[in-house]
Amino acid sequence: MKRMQPHKSNYLGILGWIWGGNYRIERYLYTLHRVTGLGILLFSLIHLCVTTFFRMQQDSWEAAMTILHNPWFKLGEYLVVIAFAYHSLNGLRLILQELGFGMGKPVPPIYPYRDSLRKSRRWSMALIGTAAVISLVFLYDFIVGG
Amino acid sequence: MKNTYLWLAQLVTGILIAVTLGIHMVWMHLDTILSALGIDATEPTSWASMIQRSRDIGWVVLYIFLLAFGLYHALYGLRNIIFESIQSRRIRLVVTWSILAFGILAFAWGTYVPIILLSK
């Protein structure tokens with residue numbers, strides 16, 4: 001059987017992550033999910049290199065840690081913490097929705113239509129609130145702990 | 001059917017990363033709060049603390065599992081994003097094998113160092 005190919009003129013590519021029509025908040029949360037995922041992947045690979053290459057000798061470890069305690073690196077580290085808090089909570093929301101939790105029972109499509117995603121928007125709000133609280137707790141430790 | 005299982009593994013590893021990376025994040029970045037709660041987590045990035053964790057089998061097992069879950073979840077996600085832009089079956093095959101080879105190499109290197117340190 002011949003594979004269906006998407007129509008080229010209808011293909012937005014990466015620009016479609018930003019704008020592809022009448023997007024709702026969930027679509028931007030999904031885009032942010034991808035961006036934070038790619039950011040965490042990049043950081044993790046650098047982190048893996050640092051924590052393995054400099055781990056064999058005390059001198060090289062301490063020299064690497066001195067560089068990483070620079071305020072700019074600490075700021076970058078904090079951004080990774082926020083990205084992780086967001087990515088994990090939004091991922092949990094996506095898993096729950098994909099498995100049908102919190103979506104409500106199916107109803108006949110009678111006007112005015114109600115889509116299940118909007119009905120479960122409280123999950124999105126709870127996610128944003130929880131990610132903000134976690135980020136503030138970590139911010140406190142970053143400021144107080146240095 | 002194969003893709004269904006690969007996607008299911010993506011969801012399961014996501015939850016497992018949230019747990020294992022959550023432990024790592026709390027230990028490494030909430031040391032002030034943990035110390036206030038009476039848990040000794042001061043200076044987690046110091047050489048002494050790092051070596052102490054490296055010799056603790058519990059931490060080593062946690063990090064190796066985190067590495068395995070993280071590599072699978074991140075590289076499978078990356079593959080899905082790349083696949084959205086590529087329609088050619090041949091290029092998709094090259095992408096899949098390149099990502100798989102990279103993942104195996106990263107896992108081998110990432111487990112070799114902690115195991116060497118554990119046996120020192």
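Student: Where do B:Tyr72 and B:Tyr76 lie?
Tutor: Both lie in helix α4 of chain B, residues 57-85. They are four residues apart, about one turn of the helix. Helices here are DSSP runs of H or I, at least four residues, and strands are runs of E, at least two, numbered from the N terminus. This is a predicted model: local features need pLDDT of at least 70, side-chain atom pairs need 80 or more, and totals for chains, interfaces and linings use all residues. Side-chain values use heavy atoms, without hydrogens and water, residues are numbered from 1 along each chain, and chains are lettered from A and ligands numbered from 1 as written.

Student: How many aromatic pairs over all chains?
Tutor: Seven. The rings of B:Tyr72 and B:Tyr76 have centres 5.7 Å apart and planes at 5 degrees, so that pair is stacked. Rings of Phe, Tyr and Trp (its six-membered ring) pair with centres within 6.5 Å; under 30 degrees is stacked, over 60 edge-to-face, the rest tilted.

Student: Is B:Tyr76 buried or exposed?
Tutor: Buried, at 9% relative accessible area. B:Tyr72 is partly exposed at 27%. Buried means under 20%, exposed over 50%, partly exposed in between (1.4 Å probe, protein chains only).

Student: Which residues form one aromatic cluster?
Tutor: A:Phe53, B:Trp109 and B:Tyr112.

Student: New topic. Which residues of helix α3 of chain A are buried?
Tutor: In that helix, residues 58-68, they are A:Trp61, A:Ala64 and A:Met65.

Student: And on the other side of α3(A), what is exposed?
Tutor: A:Asp59, A:Thr66 and A:Ile67.
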